[in-house]
Amino acid sequence: MRFRAESTNPASVHADVLAVPIYKEDAELTGDLAELNAAAGGVISQAIEWGEFNILEHYSALIDAGTIAADRILLVNAVRRGRGPWRARRLASTATRRLQGKGVERLALWLRDGEDEDGYTAAIVGALQGAYRPYAHYGRVRDTEAMLRSVPEVVLVGEHAPSQDVVDRAAHMAEGVEFGRGLANRATNDLYPEKMAEVARELEADGCTVEVLDVDQMRALGMEALLGVGQGAAHPPVLIGIRLPGWEKASPERRLAIVGKGVCFDSGGISIKPSERMEEMKHDKSGAAAVIAAARTLARIAPDAPVMAVAPMVENMPGGNAQRPGDVVKAMNGKTIEVTNTDAEGRLILADALHWAEQQGATHLVDVATLTGAASVAFGDLISCYFAKPREWGLEVQRAADATGEWFWEMPLATEYRPAYDSAHADMVNSATRDGSLIKSAVFLSEFATVPWVHVDIGGSAYLTADRAANPKGALGTTVSTLVRLALDYSAAL
Ligand code: BES
Ligand code: MN
Ligand code: ZN
């Protein structure tokens, strides 16, 4: 997908389709929309009168463009008026998704609200997201080439069009989001820990230094928490570390490690999960996919960023050698953990990965994890929640999320709940009671980070369980754009 941005009147853009955002406030066509409607010979008001497009009922409608320069108009439900990256991203992905399989060569997307650079960037990320087809990776015989067409060129039209440099950088970010999403969607028989290490090694071509610790190396380092989770699986665990060129050059006071939960499959282990929808647990590597994709993107647009990506990769499987409830392991930081629930595995692998990242020299940590089902219960699939220590560091993450159109919300890191993890046999158990379990999961992790740290729980937001207007069922590439933006801001502040 090629991108351009232009400050012109939407009525004069030559394109196969002009996408027009419609807001609830547009019940009476006024202002900019009335002007476009008049230029088009009234086709928009006609479509609304016919009931072809109703803001309360439809996500989009494709109609003839009448007398404007474009051939067709795509009315897109943009809900409420107001600018902002989140809206722009959604609008763009709804538009390109709606046009999948159509012979559209050029889509013009009208950013009606005078978006700034962030708005344009988010629209570019969204436009590429909307063109994504999860089934294209493994293929389906029934899909013809014509059905698989997507829009090759997108022109963003609005006031304040940014320079082509900004557009190109946004395109890199968009591609990074899709790369991470593709990894998160891959089946576990095709993407197990060692395969993820191969993916990571490909980042050497982008100038990164890639380290892959095997079981023996991790045992020598004392990573029993991570190893215990992986010991039941036929595929052995690995710990992936990816250093950007800027990591080595950075001053020791400012180095950012992004750590992603990489459970290639979470069966629950001996504390096995119900079989219903267990296939979704291939997405339990979404955090690892996100940090690897962010590192790859940064290596291409900001190689001097002092960033390292860390991905602990395991399969959580039952079996004769699997970890049992009641087993006690010693984490790399010396704390002993009684494993009361083998399905609370994410926190175990992150415990060692966070500590290792700090030992490598990280002064700031962000981890991304499909850590709890509780995040999904509380926040659904639109919102990622995060915990921060200190909260100022969390604000930096929040700003990066807002800027790229990802919806983040802070939760309290109530370390007062620490006694919920008291154990008769060890420093702590790994699973607390259900009440407050979302908060308590973060409290567990906080025992393994001593520098500024943010934990992002994408248990609900990593993937969709059904098709939606803006995205298909499956992984979304959640947090990739936020991590990239955070690292850009982080290095700009050096
Ligand atoms: N990967 C799951 C969390 C999850 C479940 C994410 C469903 C997305 C959808 C995690 O490892 C897990 O099993 N968490 C348990 C924790 C509990 C055993 C303390 C959970 O959320 O039930
Ligand atoms: Mn689990
Ligand atoms: Zn899990």
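1. Let's start with aspartate 266, which is buried, at a relative accessible area of 3%; buried here means under 20% relative accessible area, exposed over 50%, and partly exposed in between, with a 1.4 Å probe and protein chains only. Do keep in mind that this is a predicted model, where local features need pLDDT of at least 70, side-chain atom pairs count only at pLDDT 80 or more, and totals for chains, interfaces and linings use all residues. Residues are numbered from 1 along each chain as its sequence is written, chains are lettered from A and ligands numbered from 1 in the order in which they are written, and side-chain values use heavy atoms, with hydrogens and water left out.

2. Aspartate 266 bridges the manganese ion (ligand 2) and the zinc ion (ligand 3), 3.2 Å apart. It lies in strand S10, while aspartate 343 sits in the loop between S13 and H11, so this pair ties together parts 77 residues apart in sequence. Helices (H or I, at least four residues) and strands (E, at least two) are DSSP runs, numbered from the N terminus. Aspartate 343 is partly exposed, with a relative accessible area of 21%.

3. Donors are N, O and S atoms within 2.8 Å of the metal (3.2 Å for Na, K and Ca); water is not among the atoms, so sites may look incomplete.

4. The zinc ion (ligand 3) is held by Lys261 (NZ), Asp266 (OD), Asp284 (OD) and Glu345 (OE), at 2.0 to 2.4 Å. Its site is octahedral, with angles of 79 to 173 degrees among six donor atoms. For the labels, four donors count as tetrahedral if all angles lie between 85 and 135 degrees; four count as square planar and six as octahedral if opposite donors are over 155 degrees apart and all others between 65 and 115; anything else is irregular. Along the chain, the zinc donors follow the spacing K-x4-D-x17-D-x60-E. Both lysine 261 and glutamate 345 are buried.

5. The largest nonpolar core has 91 residues, and Ile240, Ile242 and Val366 have the most contacts inside it. Such a core is a set of buried Ala, Val, Leu, Ile, Met, Phe, Trp, Tyr and Cys residues joined through side-chain atoms within 4.5 Å. Helix H10 (residues 286-301) gives the largest share, eleven residues. Domain 1 (2-159) and domain 2 (175-492) both contribute residues, so the core lies between them; the bounds come from an automatic or database domain assignment. A separate core of 54 residues includes Met223 and Val310.

6. How do the two domains meet? The centres of domain 1 and domain 2, taken over C-alpha atoms, are 35 Å apart. In contact (heavy atoms within 4.5 Å) are 18 residues of domain 1 and 26 residues of domain 2. About 1,800 Å² is buried between them, 53% of it from carbon and sulfur atoms; buried area is the accessible area (1.4 Å probe) that two parts lose on being put together, summed over both. Trp86, Arg97 and Tyr132 supply 32% of the area that domain 1 buries against domain 2, more than any other three residues.

7. Finally, threonine 121 belongs to helix H4 (residues 117-130). Threonine 121 is buried, at a relative accessible area of 14%, and touches Val166, Ala170 and Met173, leaving aside residues up to four places away in sequence.
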